[in-house]
Amino acid sequence: MSSKVFGIAEEESCWRSNACESLKLVLSTLVVTILLVVIFVGVSLTYCVLKIFPLVNFLLMIGCLTLLAYCEALHYAVVAVEKWDMQQFAEKFPRAVKCHSFVDTPQKVKKFLVGRQFFVIFVVFLLAQITSFPDIPANFAGMPHVLVLILVQTGLPGVALTLTFGQLVSQIYVEEFTLQFLNLYGCEFVIRLGLGAEWIGICNFSWLLYGTASRVFCGKVRRIQKSLDSAKSSDDMMEYQQRQVENGTNEPMSPTELNRGPNYVSGVEPKEHLSWFDYLKYAWSTAATIGAMIVVCYGISLQVYVLPVPPVGAYILAILALTILFYLEGLMIAIVGTQYWDPETFRDIYPRAYRMHKFINKPDNVKRFIIGRQFFTVLTNFLLAQVFTFNTWEPGSVNPVIFYIAIKSGLVGVLIILSCAQLLPELLAAEYPLRFMNMYGSYTIAYASLFFDAIGVGHCAWTIYFVTRQLCCSKHLDENKGSRDTKPTILRVQSAEILAVTENNINTAKK
């Protein structure tokens, strides 16, 4: 038997045998059940950070999990149906058709995903305050203090709850029942909520960071990509003009007119214009995020956060967790985006990206990476929530309500994580996936994600899915038979990242 596991030689590994998988399902379900009991006891006895009446905490927790489940499932659904012709489903799924009208273009989808990200991280922070128990007795359930610290006070019960019921279950369901989920009551409200968050500009600072980083580190790739886009646009226009001539609807354009583009007016090429409201959104988003960084640094120095570690340890943990989260968010985009690329086209110029591509694209390893990554992401967010939530910071002369919303709720931490560790890497990885995968540390983070899946993290969600699937979706099972899309074959893409390196090599050889 091979000693390689986690997808390297999975066909020979006992980790993926039916017996081992069944054992992991049972153990994962048992562990999650025990952690749910800990949450019930901790909230009931008000050991949690959020000191309100227990019944209100339970209701708030259910509401947060519901919103999070919608956000996670809609992440998949809106991307999947963006280019579908939904009119054929108008009679059977009318609410799904209406939801689709809000996200039926790439730009609309991008806006929803950006706004959605704010609510995901804010809800996770709020759940962390409900399911983290700094006041729990040091000898809780007769356990040693160190074990109580690791298993309870770090927020592990909340991680299990959030991962299972707030993320994985809904994601597993929506992958099979996409239209049925999109037709649920509440989807339209959540889509509007995400679009509204993007509209007010809460995430605009991320675009500034992205623009700066891409110009500093990927300037040549940007220039080549613009040339490729320009060439593609010219080809598309020529093809369009040829069809017009064939139909007798128009005279052919001159080469100069083709190169100028359809929006060329009075000798001035079109530029994207920002309104005063756009400038206002960038200004307030930047001010809010920079202000949040100052508040967080000062709050950590005062040691008014939740996690029982000294300030130096809190600073180190925050930097480490933000770095890990940066990798996790970017790798999700990069790995899925390059899943069907031909790795031989970048084998020599991006060796670490090539190695990761071959490793991740073993049978079912992408799905396993996503599940393991999800646990890693939630765990990281919970740890950050306990460092960036200042529950013992007294408001002083500031209005208590305003102080709680701005400081004690963890909103300042949400802004930092959203801008620096989530949207920024997602934008960079979407534009430069090979360079992101080629960074030092990417392979280690991907391997760690597969490790978490291999040990059974998240398997409780599959148990819930298998138990409830027939009960919740029995009438829809026949509708989905044979409806899965055929996966594409290996693609040879014209990547600006590849061209940038090969062009350098050619120029060096000429010299």
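Student: Which helix does L415 lie in?
Tutor: In this predicted model, L415 is part of helix α17, which covers residues 411-431.

Student: And is L415 buried or exposed?
Tutor: L415 is buried, because its relative accessible area is 10% and the cut-off for buried is under 20%.

Student: What does L415 touch, leaving out residues up to four places away in sequence?
Tutor: Its contacts are I202, A288, T289 and A292.

Student: Switching topic: how many residues does the largest nonpolar core have?
Tutor: That core has 139 residues. Those with the most contacts inside it are L74, F133, F346, I360, F388, F390 and I417. Helix α4, residues 106-131, supplies the largest share of this core, with 14 residues.

Student: Which residues is I417 in contact with, neighbours within four places in sequence aside?
Tutor: I417 is in contact with I121, F125, L322, L325, N381, L384, F388 and Q422. F388 is also on the list of residues with the most contacts inside the core.

Student: Now confidence. What is the mean pLDDT of the protein?
Tutor: The mean is 81, and 80% of the residues reach 70 or more.

Student: Where does pLDDT stay under 50?
Tutor: One stretch is residues 1-12, for which the model has 24 contacts beyond four places in sequence. Another is residues 481-487, with 3 such contacts.

Student: Why be careful with the coordinates where pLDDT is low?
Tutor: Where pLDDT is low, the predicted coordinates should not be read in detail.

Key:
Residues numbered from 1 in each chain as written. Predicted model: local features only at pLDDT ≥ 70, side-chain atom pairs only at ≥ 80, totals over all residues. Heavy atoms only, no water. pLDDT = per-residue confidence, 0-100. Contact = heavy atoms within 4.5 Å. Helix = DSSP H or I, 4+ residues; strand = E, 2+ residues; numbered from the N terminus. Buried < 20%, exposed > 50% of the residue type's maximum accessible area, 1.4 Å probe, protein only. Core = buried A, V, L, I, M, F, W, Y, C linked by side-chain atoms within 4.5 Å.
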